[in-house]
Amino acid sequence: MAIKVTKMINTSNVLKTIWMNNGISRIEIARKLKLDKSTVTVIVTNLLEKKSVFEVEEGEAGPKGGRKPVKLMINKSYGCIAGIEIHPDFYMGVLVNLEGEIISSVYRKSLITRENFFSYIDDIMAELQISDKPLPPLLGIGLGITGIVNYQKGCIAYSIPLGIDNFPVTDTIEKRFGIPCIIDNDANACCWGEIVFHRTSSLKNFMFTLIEFHNATSEEQNYIGLGIGFVLNGKLHRGEDFSAGEFRSINLDEGSRQFSIENKRIIRMEHDRDALMEFLDELSRHMAFLINTLNLDHIFLGGDIVKYKEELTPVLEEAISKNWAYRKIFKDRCTIHYSTHGKFAVAYGAAGMMINKIFMSKELIQKFYT
């Protein structure tokens, strides 16, 4: 039993190392993991037989001739992952391969409740898998949900927008589809999108700020939704009760709004520059405080705010500078990024979250090996 466990751990580490360093050689893997070359060779041979990795010959042969260096690559089409965002009035989904390339996507307006939640999951999965060509096997499903999510128990602890609390999710989905499922808060899912698909870069301390504008026909239903995900020292920070990143402006005394801008002005921001700049200033001052206090290297912004990046960037840069007392030190304190995944940032991040689980889980690694 101990030998089998060690074998699975080594396999998981080798596969993740190849995924993290596409084009790596067996010798480099052995060096990185401090394993015997023979151990790596046995593991890689099995992975090649399973077609979860493949070989490519690159570069020049050695000075004495012979075979060119053999590099190992993840077979990105070995399997696919579904990433889903669930919101009370819409859903989005993406199907991605193991390199994060989108195979299919779906976006629909909806009215999601506790009662119809799983029916919508069925619909999303069916739509994502409509294709004229054969799709890779589905390996897992990741969900990003607005609200407080207990990812360890796989349940929605409390979501004001969805009107749901204490709602188990992952167990039901896993039984429905027969594959692993993982769930987290929507802003945390966005963090996973950056961590996983920028795996060759060193993102150690950053925040992802997800901002969505909800404009309805009724003035009372207009609101700005903001969620924050924190990655500190390379680890996602959720807080003891999973509520880290829940935001409310210090300009407010009470009520359910997150910002002080009145509901009736939210829908006009696209055409009312004064309203827009008032909001961007309030947003930037809060973000600058967090960036400087936590000494963050990067901030990612996603959701509807991306369309205002030209207006927001200088305001945010100025706020970061003004908020920092030691202005002669660390001139470039934080790099500002905007999500390239547009409205699919949460769904894409949820897929990344599931991919990370696959490459970290000894149980799931068996799909690639046994």
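Which side chain meets that of D184 in a salt bridge? The points below take up this matter after a brief account of the model.

1. Basis of the note. This is a predicted model, in which local features need pLDDT of at least 70 and side-chain atom pairs count only at pLDDT 80 or more, while totals for chains, interfaces and linings use all residues. Residues are numbered from 1 along each chain as its sequence is written, and side-chain values use heavy atoms, with hydrogens and water left out.

2. Overall content. The protein has 11 helices and 15 strands; helices (H or I, at least four residues) and strands (E, at least two) are DSSP runs, numbered from the N terminus. Of the 370 residues, 51% are buried. Here buried means under 20% relative accessible area, exposed means over 50%, and partly exposed lies in between (1.4 Å probe, protein chains only). When contacts between residues at least 6 apart in sequence are considered, 63% join residues at least 24 apart; a contact means heavy atoms within 4.5 Å.

3. The pair D184 and R238. The side chain of D184 meets that of R238 in a salt bridge, at 2.8 Å from N to O. D184 belongs to strand β10 (residues 181-185) and R238 to the loop between β13 (235-237) and α7 (263-266), so the pair ties together parts that are 54 residues apart in sequence. Both D184 and R238 are buried. A salt bridge is defined as a side-chain nitrogen of Lys or Arg within 4 Å of a carboxyl oxygen of Asp or Glu, and by this rule the count comes to eight. In general, side chains of opposite charge can pair when their charged atoms come close.

4. The pair E127 and R108. A salt bridge also joins the side chains of E127 and R108 (2.7 Å, N to O). Because E127 lies in helix α4 (residues 117-128) and R108 in strand β5, this pair links parts that are 19 residues apart in sequence. E127 is partly exposed, with a relative accessible area of 23%, and R108 is partly exposed at 39%.

5. R285 forms a salt bridge with D281, their closest N and O atoms being 3.1 Å apart. Both residues lie in helix α8 (residues 273-294), four residues apart, which is about one turn of the helix. R285 is partly exposed at 40% relative accessibility, and D281 is partly exposed at 35%.

6. Strand β4 (residues 90-97) and strand β5 (residues 102-109) run antiparallel and are joined by seven bridges; two strands pair if DSSP finds at least two bridges between them. The bridge partner of F90 is K109 in β5. Four residues lie between the strands of this hairpin, where G100 takes a positive phi near 85°.

7. A buried glutamate. Is E194 buried or exposed? E194, which is found in helix α6 (residues 186-197), counts as buried at 4% relative accessibility. Leaving aside neighbours within four places in sequence, E194 is in contact with L203, F206, F208 and F300.

8. Packing of α2 and α3. Helix α2 (residues 26-33) packs with helix α3 (residues 37-50) at an angle of about 120°, their axes lying 9 Å apart. Axes are lines fitted to C-alpha atoms, for helices over the stretch in contact, and angles run from 0 to 180 degrees between N-to-C directions. The angle therefore makes α2 oblique to α3; angles under 35 degrees count as roughly parallel, over 145 as roughly antiparallel, 65 to 115 as roughly perpendicular and the rest as oblique. In this packing, R26, I29 and A30 of α2 meet K37, V40, T41, V44 and L48 of α3.
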